[in-house]
There are 2 protein chains.
Amino acid sequence: MPELRKDPIVGRWVIISVERGKRPTDFISPSSQRKRGGFCPFCHGNEYTTPPEIIAFRPPDTKPNTPGWTLRVMPNKFPALQVSGDLKKAGEGIFDKMNGIGAHEVIVETPDHNLSLATMPIKGVEDVLWAYYLRLTDLKKDKRFKYVMIFKNEGEAAGASLEHTHSQLIALPIAPKIVKEEIDEAKNYYALKERCIFCDLIAQELESGKRVIYENKRYVALAPFASRAPFETWIIPKAHESAFYPPNNDFSALADILQRILKQIDRILDMPPYNFVIHTSTFSDEVNEYYHWHLELLPKLTKIAGFEWGSGFYINPTTPEEAAKFMKEAKI
Amino acid sequence: MPELRKDPIVGRWVIISVERGKRPTDFISPSSQRKRGGFCPFCHGNEYTTPPEIIAFRPPDTKPNTPGWTLRVMPNKFPALQVSGDLKKAGEGIFDKMNGIGAHEVIVETPDHNLSLATMPIKGVEDVLWAYYLRLTDLKKDKRFKYVMIFKNEGEAAGASLEHTHSQLIALPIAPKIVKEEIDEAKNYYALKERCIFCDLIAQELESGKRVIYENKRYVALAPFASRAPFETWIIPKAHESAFYPPNNDFSALADILQRILKQIDRILDMPPYNFVIHTSTFSDEVNEYYHWHLELLPKLTKIAGFEWGSGFYINPTTPEEAAKFMKEAKI
């Protein structure tokens with residue numbers, strides 16, 4: 001069973017994978033797991049090589065774990081957390097820990113190895129967003145979980161171990177530190193001003209326009225004022241929405257803006273590795289006036305070195321205003 | 001002039017390098033600046049290619065910026081922050097910013113391109129620690145600065161742009177977020193218990209012994225309970241010391257434990273890339289009962305992907321107890 005451990009000084013939680021314990025020699029020749037042109041467990045026809053699917057979008061006349069699907073969700077074959085068992089919390093003197101209960105799932109976005117979120121038909125992007133939402137809604141029923149982190153690693157440098165386009169989610173028994181910090185600060189702001197800090201930020205950004213990359217009827221994409229890295233982009237609903245969901249049962253506007261941004265970064269940065277994550281309200285307080293869900297995307301262009309991880313301070317060599325301008329002008 | 005910008009939601013500061021503004025094409029073919037076997041500006045005889053030295057350890061009969069030195073400190077040729085000018089703070093609607101005043105210096109640890117902190121004579125390691133201390137003491141006099149972050153990037157994967165062994169420091173007009181978090185939590189603990197949280201932690205670790213890697217008369221090296229990454233190691237003074245300094249004007253015990261730990265990781269992980277940082281009290285409150293300076297070392301063995309940066313949660317595939325055991329048993 002993995003273990004969750006809390007740093008007593010900064011309150012940072014860590015997942016210690018006891019079972020998959022790595023020895024020093026495992027790190028010495030870090031050969032890539034990515035198989036370009038080799039066998040791919042996420043491809044059409046190879047369903048038998050993965051754990052059984054949790055949900056899939058497939059014609060009614062096809063059987064689970066056989067071809068015919070357009071999207072599949074499975075447990076991660078090498079999960080960071082374990083899904084079965086009761087949550088047990090304990091102290092060890094000054095330290096706090098709990099057993100590593102959680103869910104770790106993979107969303108295979110298409111059976112086609114050659115497509116990406118940027119290049120697949122827009123309906124495919126909508127389906128990916130629906131899969132996120134359906135899994136979130138299902139995992140919420142499990143009272144052991146407080147939060148589900150949805151994320152995507154694209155490209156080896158961004159941590160993707162398989163090339164075939166996929167997203168992941170991890171359901172956690174505690175709200176993660178960064179989400180908690182955002183929520184706490186949003187609550188403070190609301191207590192002071194009776195307004196959502198994100199709504200204020202969006203209003204200011206739409207008025208100035210200088211960091212806005214694109215907007216459609218429901219969402220805006222912008223280069224954040226304090227971008228941590230070149231071409232960091234946030235996608236935010238323009239109206240106040242505290243948690244990730246499909247307004248009027250419709251993800252088409254979100255699919256539009258997400259695919260457009262991905263096409264733009266592919267165009268101007270030549271298909272860079274990237275990560276994105278969805279930050280949303282915790283299960284215990286999903287509908288509220290102070291927090292505003294959003295998607296944060298970071299192309300992986302610079303290295304996080306000693307200064308950044310030791311200080312929490314980032315050095316960004318491209319201004320967000322210039323980044324927004326390059327993105328806007330990209331011919332896609 | 002670079003600009004410091006604060007994220008209004010999580011309070012994270014970012015350095016935006018306006019002058020060195022990078023365009024998209026600068027990221028497309030990220031060729032390494034490291035020159036294996038090529039020209040090295042940090043080597044003996046090439047002093048004229050760097051900015052003039054701030055301090056150097058050299059015989060009295062040699063001139064500044066000429067050969068003969070054993071250690072040199074210079075301004076970084078491509079500084080993240082600019083040293084001259086007054087600190088100016090401003091708002092931009094909801095956002096906070098200040099101009100990028102700070103110092104960014106390089107400590108060249110030896111003139112010999114083939115040595116490292118792990119392999120140089122122990123006297124060289126002591127000199128490096130003295131250089132840190134002397135620069136810290138000097139920069140403290142500048143009232144614009146609140147903190148100096150001392151750090152080392154070893155190896156390209158850890159962000160070192162030159163191969164020749166060196167450390168860096170950045171003097172900042174604000175205390176960095178992670179240091180502030182540590183200090184705040186240490187203050188809370190002290191308010192509750194009238195004891196330093198680090199002192200309590202050290203006492204518990206020395207008693208259990210299971211995460212202790214090495215100790216000498218003054219310092220202990222341990223694998224932290226909630227290690228973020230495999231073989232993370234902290235070096236901490238055993239007695240309460242709130243800020244980095246040489247007890248009895250003597251850095252020999254610190255040089256001993258630092259070099260030993262570096263030899264151990266070189267041995268068991270085959271000279272991995274790594275980062276280390278020194279966390280110490282802020283200038284405004286250097287002598288206190290609640291905070292305890294320490295050095296944090298992270299070998300760069302795993303990738304920080306979407307989950308980690310989006311959540312602040314780390315996944316560590318090696319238990320600290322096993323890591324400590326491997327380290328202790330390393331034949332050095």
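Which residue takes a positive phi in the hairpin of E5(B) and E6(B)? Keep in mind that you're looking at a predicted model, and start by selecting residues 89–92 and 95–99 of chain B, which are strands E5 and E6. They run antiparallel to each other, paired over four bridges. Two residues sit between the strands, and Gly93(B) is the one to click: its phi is positive, near 65°. While you're here, pick Gly91(B) and look across to E6(B), where Asp96(B) stands opposite.

Next, colour by chain and go to where A and B touch. On the chain B side, 76 residues are in contact with 76 residues of chain A. Select residues 177–193 of chain B: this is helix H2, and with seven residues it gives the most to that side. Colour the chain B side by class and you'll get 43 nonpolar, 16 polar and 17 charged residues.

Now for a pairing that crosses between chains. Zoom in on Ile315(A) and you'll find Ile15(B) of E2(B) opposite.

Last stop: chain A by itself. Where they meet, 23 residues of domain 1 are in contact with 25 of domain 2. On the domain 1 side, select helix H1 (122–139) and strand E8 (147–154), each of which supplies at least two residues. By class, that side of domain 1 splits into 15 nonpolar, two polar and six charged residues.

Definitions and conventions: Residues are numbered from 1 along each chain as its sequence is written. Chains are lettered from A and ligands numbered from 1 in the order in which they are written. This is a predicted model: local features need pLDDT of at least 70, side-chain atom pairs count only at pLDDT 80 or more; totals for chains, interfaces and linings use all residues. Two strands pair if DSSP finds at least two bridges between them. Two residues are in contact if their C-beta atoms, placed from the backbone, lie within 7 Å. Ala, Val, Leu, Ile, Met, Phe, Trp, Tyr, Cys and Pro count as nonpolar, Asp, Glu, Lys and Arg as charged, and the others, Gly among them, as polar.
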